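Keep the viewer open as you read.

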Amino acid sequence: MGVGIQVNQLNAWFGATHAVQDIQMDVTANHATAIIGPSGCGKSTFVRCLNRMHETIPNARVEGTVKIGETHVYGNGTSAVEIRRRVGMVFQKPNPFPTMSVYDNVASGLKLNGYRNRRELDEIVERSLRQSALWDEVKDHLKKKSGASLSGGQQQRLCIARALAVEPEVMLMDEPASALDPISTSKIEDLIFELKQNYTIVIVTHNMQQAARVAEFTAFFLSGKLIEFDKTEKIFTTPGDKRTEDYITGRFG
Amino acid sequence: MNGSLLKARYQPDPAAASSPLAETTQVPRRKIHLKSSRLADAGFRYLMLGCALSVLAIVVLIVRELFLRSTLSLHAFGLKFLMTQSWDPVNGDFGALAFIYGTLVSSLLALILAVPLSIGVATFTTELCPRILRGPLSYMVELLAAIPSVIYGLWGVFVLVPILRQYVQPFLAKYFGWTGLFGGYQFGIGMLAAGIILAVMIIPIVTSITREVMSAVPTAQREGVLAIGATRWEMIRVGVLRNARTGIMGAIILGLGRALGETIAVTMLIGNRPEIAKSLFAPGYTLASVIANEFSEATEDLYLSALVEIGLVLFAITLLVNIVAQLMVWSITRGSARRAAV
Amino acid sequence: MPNQYWWRSFKDKLMVGLAGMATLLVLLPLVAIFGYLVYRGIGALNWNFLTKIPKPVGESGGGMANAIVGSGLILLIASLIGVPMGIGTGVYLAEFGKKRFGYLVRFTADVLNGVPSIVIGIVAWSLVVVYQRNFSALAGGVALGIMMVPVISRSTEEMLLMVPQSLREAAWGLGVPQWRTTLSITLRTASSGIITAVMLSFARVAGETAPLLFTTLGNQFWNFNVRRPTAALPLQIYTYAQSPYDDWHRQAWAGAFILIVMIVVSMSLVRMVVSRGVFKGGN
Ligand SMILES: Nc1ncnc2c1ncn2[C@@H]1O[C@H](COP(=O)(O)OP(=O)(O)O)[C@@H](O)[C@H]1O
Ligand SMILES: [Mg+2]
């Protein structure tokens, strides 16, 4: 089962650029939460702070607290690697490992951590591929096809399967469908709909219909600040902030 | 506030609720325990850092060993070592001047021959030749760089020197003898032969770096010049060469660095006599060559020490030249390959 | 002014012609050297040359078998030193070396690359021969190994920087530790590029003579002990080329031919690998 996320006074910088400012947010377990906002408003930076990916960028800095379940993400003695195992991530552009087969891609998170049980790996790979609705398309050449030889939409579902295989509790998705065609997009959306029964999902999107379709909660970001965070329905019908309304009605300058 | 309209536009999609995947998601989650890694990460980092530090250590060691093994000679001769010409192992009197002279003259000769050719080749391959020839031509110039020094020497001794002796030297003596540069005995072997072989050896590096900096000139610069009605040559001169000149200067100096330190081919061709002569036909001796020839035979401590000091002088000269060249090339190419986007 | 135009167009043709001539002139020695090498080398090559050790001075016959094996031994030692250190430094520069210290290392590697090989020879002599009180294959291997480091490290860095950052992030995002990511994802993705770099550095030091002169010294007999003086192909060519004997000259050409074949073959392999794409299966 997924766990909730509590974000408190979160600030993030790139050098002198203050990309994320004073974010306060509680993400409910086993639900999908959408992050919307114009390009460059800090959506990616925000979610990358949740699994400590932000600190991999030179000169990047984070302050504030994030709790995944009971674990302090930025606590002393918490290892980034441990957090990233519990918090899966799917990126905007599909990034399968080009040197690995489909099977190895899915198993990579476990194999690269020294997990060697063949039978269980087979099981986990199959389950993850079924969960990401890719199994039927790849089951005949699991170990023959390279991950890079799949289509864009398949690659993204492969990346989701890869993230699922390490059995995370939270799944971060940074515009997972923005580089895909409409059919692949709808497959990914169906997938999110299913996954949120077992995982806490945070999905960044610039597509508001998508947010409305898959997420129970929606957060609106603007210039690095969290402007409004509420039930999706509330945000899209009776937003409390003028700027939110301007944005979702497309009147945004 | 137009609430009902918004609601209509963003109604959750009912189709999504009845997905065919429902049965596969209800899998009980096992906890997979994986190894902790913090120690391994730190260890790996330090191991790589160790490798990087070893590069610094090697350079420090080079300096230390050179000073250590030349102490005797440094004390015995001081600065005089650089300014006297005597090289007399029997009486223990050593000076590096003749070698410094030979090194500088052979290298400058090489530059005079190599630079125009290299710029010509680089221009031809980047700007003029049909696209299809570009790859093969660059590959052939690269091959020139892959030929070992000893093979250049071998070829020089058995092919180049006879040609020089029979055809080139008589010609030069007859028509340019009045300059004083082409007088005396025509052995074939000598400063001229060494300069020519060095030129051939540094052409690849000067060419390839020149080509690199020329390709780094933005196309807009070329088009800008062509647009005002310039000919191809004017475009190359104004649009390309002028913009690339710092980098080309760097390439030339880097070539000079190579020539100064080149050993075996020069040793086989220069004649190995520590004399300072005006004629390019006369034999000479370089810093590198005297080390190559005499190091394993030097039995006296002072003799050995003087040879190491020769090495120190060579190191200092090439270090200076290379640093200047690096800075010039770096100012163009920004030092390191930039991280690929995405 | 038509007159001026004529002059400009003439100058254009002249300079273009000169650039073309320069190219031909540079290719001339290449063709001459390779042609002569093949002509003299193949003629001198025979079974004895490849299987026998040198005959005593002045006697004809014998071969360079011990030198070929000796070169192999020295290059093996050099690779054991130069390859891990070079790749490690390259990894450091690409993965951790964004700070000022990285620039220092990069600059130092470039400086090391420019140190004359004969000076490296002196240092290897000072570090190994003097302490062992003996010329040895080991000392030569140390010299050549040092020379490999900057070449391999700079090209490894370049290759690693070409690996998209998104692949590293994918691995980190799965909770794969940095060291594993570097070894199994980054290095593996760039592997053919790094192999290329290693082969090129190998080709570069394989023909080096100067740093071997007073480290491995040379040997007229078989030697498999890394702590003893050892024959090496380039050394043997050098010695024979300067001898007064025709038969030794003949053998020098044969040796040069073998050496150049080794180098050109490894360079061509490199070309093939590179032209098939730096990244296996890349997307
Ligand atoms: N690697 C980086 N280095 C410096 N600044 C960055 C970097 N990535 C993003 N930024 C800056 O941080 C801000 C937020 O970026 P991001 O989180 O990517 O926005 P979004 O995902 O909402 O489009 C932007 O102003 C952007 O310019
Ligand atoms: Mg983004």
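How many residues of chain B are in contact with chain C, and how many of chain C with chain B? Taking contact as heavy atoms within 4.5 Å, 80 residues of chain B touch 90 residues of chain C. Before going on, a word on the ground rules: this is a predicted model, where local features need pLDDT of at least 70 and side-chain atom pairs count only at pLDDT 80 or more, while totals for chains, interfaces and linings use all residues. Residues are numbered from 1 along each chain as its sequence is written, chains are lettered from A and ligands numbered from 1 in the order in which they are written, and side-chain values use heavy atoms, with hydrogens and water left out.

The size of an interface is often given as the accessible area lost when the parts come together. Here, chain B and chain C bury about 7800 Å² between them, with carbon and sulfur atoms giving 78% of that; buried area is the accessible area (1.4 Å probe) that two parts lose on being put together, summed over both. There is 1 salt bridge between chain B and chain C, counting a side-chain nitrogen of Lys or Arg within 4 Å of a carboxyl oxygen of Asp or Glu. You'll find a salt bridge between the side chains of Arg8(C) and Glu234(B), at 2.8 Å from N to O.

Now look at chain C by itself. Its domain assignment (automatic or from a database) gives domain 1 as 2-44 and domain 2 as 62-275. The centres of domain 1 and domain 2 of chain C, taken over C-alpha atoms, are 33 Å apart. Between them, 8 residues of domain 1 of chain C contact 7 residues of domain 2 of chain C. These two domains of chain C bury about 750 Å², 82% of it on carbon and sulfur atoms. On the domain 1 side, Leu37(C), Arg40(C) and Ala44(C) lose the most area, together 61% of what that side buries. The salt-bridge count between domain 1 and domain 2 of chain C is 0.

Finally, the rings. Over all chains there are 26 aromatic pairs, meaning rings of Phe, Tyr and Trp (its six-membered ring) with centres within 6.5 Å; planes under 30 degrees apart count as stacked, over 60 as edge-to-face and the rest as tilted. Trp87(B) and Phe94(B) have ring centres 4.8 Å apart and planes at 65 degrees, so this pair is edge-to-face. Phe94(B) is buried, at 1% relative accessibility, and Trp87(B) is buried too, at 13%; buried means under 20% relative accessible area, exposed over 50% and partly exposed in between (1.4 Å probe, protein chains only). Phe158(B) and Trp253(C) have centres 6.2 Å apart and planes at 55 degrees, so that pair is tilted.
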